[in-house]
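Welcome! Please look over the sequence and the 3D structure below, then work through the exercises one step at a time.

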Amino acid sequence: MSAQPRSDIPLPPPTGEASDARLLTEAVTRLRRALRSSIRTDYPWEALPMAQVELLQVLGEHSPARVSELATRQRLAPSTVSGLIGQMITAGLVVRAVDPVDRRASVVTLTDAGREQLVAWTGAHERRMDAALAALGDADRAALAAALPALFQLAENLGEPGDGPAMD
């Protein structure tokens, strides 16, 4: 990898694969931070905490869902997810209803407002990412495109939220 770690963070000397792991961790951390802060450029009114955005994303793919399922997928305590869901209900982004399969439980579903918020947030991120990618040279864009399958596999090996350890 050609990227270098930030010089203001003291790190032990690089050694073999450990340095690749550290550089990748630093790159992912910086990318997440840049994405979170850059969204304010195209979407300045966005005030949802990332934990709520991530719950909207999960509900966009897996809805309706029980709080316990959401907690497992996000690797959060059920009480934390329940608190976030309460805030999101107040904001009109989700609704809680009786689970039709087990009337003792409840499920959470996106509202139209929640779906609209998710679509707007996702679109703003994609526009920011498209602009950043367009500013790269052809070789860097090709390298990123070539790395995508490996990055998805890496995420699977690490165990995406809700997954157990990867097994082959």
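**Exercise 1. Find how much of the protein is buried, and describe its overall make-up.**

Step 1. Buried residues make up 24% of the 168 residues in the protein, where buried means under 20% relative accessible area, exposed over 50% and partly exposed in between, with a 1.4 Å probe and protein chains only.

Step 2. Keep in mind that this is a predicted model, in which local features need pLDDT of at least 70 and side-chain atom pairs count only at pLDDT 80 or more, while totals for chains, interfaces and linings use all residues. Residues are numbered from 1 along each chain as its sequence is written, and side-chain values use heavy atoms, with hydrogens and water left out.

Step 3. The protein has six helices and two strands; these are DSSP runs numbered from the N terminus (helices: H or I, at least four residues; strands: E, at least two). Along the sequence the pattern reads α-α-α-α-β-β-α-α.

Step 4. Contact means heavy atoms within 4.5 Å. Of the contacts in the protein with a separation of 6 or more, 50% are between residues 24 or more positions apart.

**Exercise 2. Describe how helix 3 packs against helix 4.**

Step 1. Two packed helices are described by the angle between their axes and the distance between the axes. Axes are lines fitted to C-alpha atoms, for helices over the stretch in contact, and angles run from 0 to 180 degrees between N-to-C directions.

Step 2. Helix 3 (residues 67-74) and helix 4 (residues 78-90) pack at about 110°, with axes 9 Å apart. Helix 3 and helix 4 are therefore roughly perpendicular to each other (65 to 115 degrees; under 35 is roughly parallel, over 145 roughly antiparallel, the rest oblique).

Step 3. Helix 3 supplies Val67, Leu70 and Ala71 to the contact, and helix 4 supplies Pro78, Val81, Ser82 and Ile85.

Step 4. Sorted by type, the residues of this contact are six nonpolar, one polar and no charged. Here Ala, Val, Leu, Ile, Met, Phe, Trp, Tyr, Cys and Pro count as nonpolar, Asp, Glu, Lys and Arg as charged, and the others, Gly among them, as polar.

**Exercise 3. Work out how helix 2 meets helix 3 and helix 5.**

Step 1. The axes of helix 2 and helix 3 come within 11 Å and cross at roughly 115°. Helix 2 and helix 3 are therefore roughly perpendicular to each other.

Step 2. Glu54, Leu55, Val58 and Leu59 of helix 2 touch Leu70, Arg73 and Gln74 of helix 3. This contact has four nonpolar, one polar and two charged residues.

Step 3. Helix 2 packs on helix 5 (residues 112-134) at about 105°, with axes 10 Å apart. In helix 2, Met50, Val53, Leu56, Gln57 and Gly60 meet Gly114, Gln117, Leu118 and Trp121 in helix 5. Five of these residues are nonpolar, four polar and none charged.

**Exercise 4. Locate the backbone features at Pro64 and Arg75.**

Step 1. Most residues other than glycine have a negative phi, and most peptide bonds are trans.

Step 2. Ser63 and Pro64 are joined by a cis peptide bond, with omega about 0°. Pro64 sits in the loop between helix 2 (50-61) and helix 3.

Step 3. Arg75 is not a glycine, yet has a positive phi of about 55°. Arg75 is found in the loop between helix 3 and helix 4.

**Exercise 5. Is His125 buried or exposed, and what does His125 touch?**

Step 1. His125 lies in helix 5. At 12% relative accessibility, His125 counts as buried.

Step 2. Leaving aside neighbours within four places in sequence, His125 is in contact with Leu35, Arg36 and Ile39. The C-alpha atoms of His125 and Ile39 are 6.2 Å apart, although 86 residues separate the two along the chain.
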